[in-house]
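This briefing concerns the structure shown below.

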Amino acid sequence: MTRDPGLQPERTRLAWRRTLLALTGVTVLEIRLALAGHAFDAVLAGLAVTAWLATLLVDWRRATGAGPRRGHRWSFPLTALAAAGMALLGVLHVLRGLR
Amino acid sequence: MGGVWEAIRRWFDPRELRSVGTTPDYRFSLANERTFLAWLRTGLALIAGGLAAAQFLPKLPLAHLREVISVALLLLGATVAVRAVDHWARTERAIRLNEELPASRFPAVLALIVAIGALLLVVAVLARGVG
């Protein structure tokens with residue numbers, strides 16, 4: 001098989017890595033926000049870390065290229081919902097701070 | 001509401017996606033995948049902005065302005081992320097069926113919201129500088 005001159009699989013793999021890196025950064029911000037100290041915030045931080053770990057596990061094959069070319073079938077929705085979930089955790093934190 | 005659950009089910013079950021039409025040149029699928037990821041990073045950037053506003057901005061003189069900025073960015077980011085996966089699935093389907101790609105007003109609406117938000121903040125900063 002001739003090598004794809006556009007290196008599309010490699011570019012896609014790197015795009016997954018960038019995205020997971022961005023998700024990691026958001027997770028760190030989420031944890032830092034939760035360091036305010038209330039028990040409620042610890043729960044939010046726990047949820048954020050869980051979502052981050054689950055996404056990393058599910059997307060690992062797509063991001064590293066290990067194993068067959070197809071990654072886990074939940075990669076797409078799970079990664080998007082993890083991002084949305086981080087946003088909702090942040091909203092909950094801000095609303096809690098208003099009381 | 002039925003359509004929403006139907007769409008969510010479809011995101012999690014790509015076998016159904018793969019059952020329609022014909023398998024396209026894998027490069028088209030990969031390009032669609034990268035577009036999805038680029039949108040997701042756009043959403044994550046907005047979310048990071050919201051989280052940063054919540055913890056790094058000092059309390060603003062306008063009541064709750066900091067919280068409003070933060071929640072607005074977070075909700076916008078969440079919308080971008082969810083819409084990204086939906087658009088990815090619809091585009092994949094269109095490619096397989098050799099149909100027109102789904103048209104979307106979303107990028108234009110997002111650009112307008114960001115621009116208007118930025119302008120409002122400019123006004124807030126100037127009003128504070130003068131007042």
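Arg66(B) and Glu67(B) are both buried, where buried means under 20% relative accessible area, exposed over 50%, and partly exposed in between (1.4 Å probe, protein chains only). The two residues form a salt bridge with their closest N and O atoms 3.2 Å apart; a salt bridge is a side-chain nitrogen of Lys or Arg within 4 Å of a carboxyl oxygen of Asp or Glu.

The model is predicted: local features need pLDDT of at least 70, side-chain atom pairs count only at pLDDT 80 or more, and totals for chains, interfaces and linings use all residues. Residues are numbered from 1 along each chain as its sequence is written, chains are lettered from A and ligands numbered from 1 in the order in which they are written, and side-chain values use heavy atoms, with hydrogens and water left out.

**Salt bridges in chain B**
- Over all chains, the count comes to 8 salt bridges.
- Glu6(B), Arg9(B) and Arg10(B) are linked in a network of salt bridges.
- Arg9(B) and Glu6(B) lie 3 residues apart in helix α1 (residues 2-12) of chain B, about one turn of the helix; helices (H or I, at least four residues) and strands (E, at least two) are DSSP runs, numbered from the N terminus.
- Because Glu6(B) and Arg10(B) are 4 residues apart in helix α1 of chain B, about one helical turn separates them.

**Buried positions in chain B**
- Ser70(B), in helix α4 (residues 65-96) of chain B, counts as buried because its relative accessibility is 0%.
- Leaving aside neighbours within four places in sequence, Ser70(B) is in contact (heavy atoms within 4.5 Å) with Val94(A), Gly50(B), Ala53(B) and Ala54(B).
- Leu110(B) lies in helix α5 (residues 106-130) of chain B and counts as buried at 10% relative accessibility.
- With neighbours within four places in sequence set aside, Leu110(B) is in contact with Trp39(B), Leu46(B), Leu76(B) and Val80(B).
- The C-alpha atoms of Leu110(B) and Val80(B) are separated by 8.5 Å, and the two residues are 30 apart along the chain.

**Interface between chains A and B**
- In total, 34 residues of chain A are in contact with 32 residues of chain B.
- The two chains bury about 3400 Å² between them, 74% of it on carbon and sulfur atoms; buried area is the accessible area (1.4 Å probe) that two parts lose on being put together, summed over both.
- In chain A, Leu29(A), Arg73(A) and Phe76(A) lose the most area to chain B, together 18% of what that side buries.
- There are 2 salt bridges between chain A and chain B.
- Glu33(B) and Arg62(A) meet in a salt bridge through their side chains (3.7 Å, N to O).

**Chain A**
- Chain A has 3 helices and 0 strands.
- Of the 99 residues in chain A, 40% are buried.
- Over residues 74-95 of chain A, the chain is 95% helix and 0% strand, with the end C-alpha atoms 31 Å apart.
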